Structures are given as structure tokens and as C-alpha cells.
Amino acid sequence: MAASLRLRGAASGLRYWSRRQRPAVASLAVVCSRSMASKTPVGFIGLGNMGNPMAKNLMKHGYPLIIYDVFPDACKEFQDAGEQVVSCPADVAEKADRIITMLPTSINAIEAYSGANGILKKVKKGSLLIDSSTIDPAVSKELAKEVEKMGAVFMDAPVSGGVGAARSGNLTFMVGGVEDEFSAAQELLGCMGSNVLYCGAVGTGQAAKICNNMLLAISMIGTAEAMNLGIRLGLDPKLLAKILNMSSGRCWSSDTYNPVPGVMDGVPSSNNYQGGFGTTLMAKDLGLAQDSATSTKTPILLGSQAHQIYRMMCAKGYSKKDFSSIFQFLREEETF
Ligand code: NAD
């Protein structure tokens with residue numbers, strides 16, 4: 001049955017949901033029972049830059065949490081707030097039948113699901129496991145198969161919007177998985193995001209995310225290059241940003257997340273590139289785009305170049321900084 005549901009999901013194409021258009025409750029009995037018990041604990045694994053504010057938004061909506069992170073300090077805030085912290089992903093699965101994972105890479109996700117003390121060791125039948133990490137779509141598909149063997153459901157639901165949107169509950173979720181389970185996922189994802197889009201079968205959420213981040217990397221490098229050139233030509237950076245944002249060069253990197261220190265408040269560039277979206281994570285996402293392009297024989301000329309640039313930045317000491325530090329990297333370079 002699950003296989004046929006997945007095929008139906010794949011055939012349905014893109015479906016869009018926003019807070020204004022909440023759809024009817026899904027038909028599967030298992031979904032109904034989870035929805036009725038809507039304030040039962042939700043498991044959350046991975047409380048980093050993104051997971052921390054996402055989990056807090058679930059708390060604001062009244063969901064008790066079962067928390068786990070390999071880095072114990074990441075759990076402290078939640079423990080102090082009265083949430084239950086456990087010592088491994090398997091213990092999360094024992095106590096919660098809906099779990100969200102927000103981990104850096106494919107390897108971390110495999111560890112959290114299939115490791116010695118992973119979710120799969122104690123997952124309950126009918127559980128809903130939502131992975132919001134950005135990972136290889138092939139890994140999402142493998143995890144979905146393993147989860148299905150245990151009688152549970154896996155969906156990939158990577159996010160776009162960054163730390164600011166995670167804090168304000170305005171993330172965009174790109175969801176792949178069995179379509180009949182989409183409403184059950186929306187109930188939770190809608191607490192953390194303003195846009196929840198159904199993309200198709202498992203792995204399609206990751207596919208959408210990878211394409212978005214490849215474009216983001218390219219546009220961030222372009223913005224940093226244009227700003228650096230303008231500054232060297234004597235322009236005031238705030239004025240140049242204002243002009244770009246009124247002109248055809250405008251993009252998210254120029255008007256929402258400008259990479260030049262002092263141009264905007266509340267963005268990583270004005271905080272010594274701390275917090276935000278790490279350069280290592282961007283290099284990882286570009287690696288996923290490169291792998292996908294190779295396997296589908298798709299030319300990604302600028303995407304490949306962006307991958308090399310972010311890898312070089314990681315090697316030159318930028319790995320812990322936000323990815324907009326490409327501006328600082330370029331500032332330090334001079335060409336003949
Ligand atoms: P992060 O490194 O800040 O946080 C990840 C957390 O996961 C850390 O607290 C770490 O200790 C924990 N962790 C690692 N392995 C673990 C394991 N096996 N079990 C339990 N916990 C584990 O990363 P982040 O910035 O929160 O990003 C998380 C994911 O979201 C990444 O895949 C990233 O690509 C994606 N993403 C990030 C942003 C952003 O702006 N930061 C935006 C969109 C998507």
C-alpha cells in the first residue's frame with residue numbers, strides 16, 4: 001500500500017499550501033490518530049542555528065518536546081524551559097511518534113536514523129519522521145525505505161529562509177513523501193513556516209532545495225563581486241546597495257542579506273559573519289548540486305564554479321563564518 005501511495009504522490013505534481021489555505025484532514029487512519037493527539041510530544045533532533053528557533057516555535061504552539069543533540073550545550077536552553085532531554089535518537093523515538101530532524105549533512109542524518117542508537121532502533125509503527133536537513137536526495141530515499149520497513153513514514157522537508165525566517169516562523173518547506181501524509185506533516189511544519197509546498201515523492205523536496213541553494217550561492221557571489229567593485233570605484237556601499245535594490249541587479253542577497261558589513265542591520269555581515277548559514281554548509285549543498293548535475297548529465301557552469309569558490313573559502317579559514325563572508329574573501333584578494 002505504501003508503495004502505491006508513493007506513486008500517487010509522485011504523479012500529483014506541485015501542491016502549494018499557505019496559512020490561508022489549510023486543506024482538509026488526510027484520510028489515512030494513522031494520520032487521523034496522530035492529528036487528534038496533536039499536543040502529544042514531538043521529537044526534535046539537531047538544535048543548531050536552525051533547529052533551535054524551529055523547536056522554539058513548536059513550543060510556542062503548545063507542543064511538548066523530546067530533545068536530543070550530540071552537543072549537550074545545545075539542549076540546555078530547552079531543559080531549562082522544562083522540555084525533556086534524552087541521551088540518543090532511539091530514546092526520542094521511544095517517547096514521540098512525530099520526530100523532526102535538523103542536521104548538517106547526509107552522514108549525520110544516517111547516524112541519527114540508522115546508527116547504533118538511531119531512531120530506527122525504537123521507532124513506533126505509524127510514526128511520522130520528517131527530515132528538514134539538506135542532504136543528498138538519494139540518502140532521503142534510502143532512509144525512507146528503511147523507515148517504511150519499520151511500519152513508519154519518512155518525509156524530506158528541507159527549508160529555505162535562513163535563521164531570520166526560522167525565528168519568525170516564516171520558513172519555506174519543500175516536502176517530498178507520500179501525499180496522503182502531507183496534511184499530517186503540515187500540522188507541524190505550519191508552526192515553523194509560512195509556506196509548505198508538496199513537491200512529489202521522497203527526495204523531491206531535497207531536489208528543490210538543492211536547486212534553490214545553487215542559485216543562492218551564485219547570486220551571493222555576484223552581489224559580493226558587484227559591491228566590492230563599486231566600493232573600489234569609490235561608491236558608498238549603502239548608496240550602491242540602495243541603487244542595486246531599485247534596479248535590475250536586485251536579489252535576496254542584495255536586499256535581505258547584504259554581504260557588506262554596515263549596509264544592513266541584523267544580518268551576519270554586520271556581526272563579523274557569525275551565525276547564519278555556514279560556508280561549510282553552502283559548500284556541502286553545492287557538492288550535492290554537483291553530484292546531482294553529474295548523475296543527470298546537466299551543465300551547471302556557474303554552479304560548479306561556485307562550488308570551487310566555497311571549497312576554497314573553507315580551506316582558507318572561512319568555514320565557520322556565514323556564507324556571505326564571500327565579500328570579505330574577495331576584499332582580501334587583489335588581481336592584476
Ligand atoms: P548547525 O551546524 O548550526 O546545527 C546542526 C546541529 O545538529 C548541531 O547542534 C549539531 O550538534 C547537531 N548534530 C550533528 N550531528 C548530530 C547527530 N548525529 N545527532 C544529533 N545532533 C546532531 O546547522 P544549521 O545551520 O542548523 O543547519 C542544519 C541544516 O539546515 C543543514 O542541513 C543546513 O544545510 C540546512 N539549512 C541551514 C540554513 C541556515 O541558514 N543555517 C538555512 C536553510 C537550511
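Helices (H or I, at least four residues) and strands (E, at least two) are DSSP runs, numbered from the N terminus. The model is predicted: local features need pLDDT of at least 70, side-chain atom pairs count only at pLDDT 80 or more, and totals for chains, interfaces and linings use all residues. Residue numbers start from 1 along each chain as its sequence is written.

**View 1. Residues surrounding the ligand.** The ligand is surrounded by 27 residues, the closest being Gly 46, Gly 48, Met 50, Phe 71 and Phe 277; a residue is near a molecule if its C-beta atom, placed from the backbone, lies within 6 Å of it. The shell comprises 15 nonpolar, nine polar and three charged residues (Ala, Val, Leu, Ile, Met, Phe, Trp, Tyr, Cys and Pro count as nonpolar, Asp, Glu, Lys and Arg as charged, and the others, Gly among them, as polar).

**View 2. Helices and domains at the ligand.** At least two residues of the shell come from each of helix H6 (106–114), helix H8 (162–168) and helix H13 (279–295). Helix H6 gives the most, with three residues. Domain 1 (2–200) and domain 2 (208–330) each supply at least three residues of the shell, with bounds from an automatic or database domain assignment.

**View 3. Surroundings of Phe 44.** Neighbours within four places in sequence aside, Phe 44 is in contact with Gly 51, Ala 55, Leu 58, Leu 65, Ile 67 and Ile 100 (contact: C-beta atoms, placed from the backbone, within 7 Å).

Notes
Contact = placed C-beta atoms within 7 Å.
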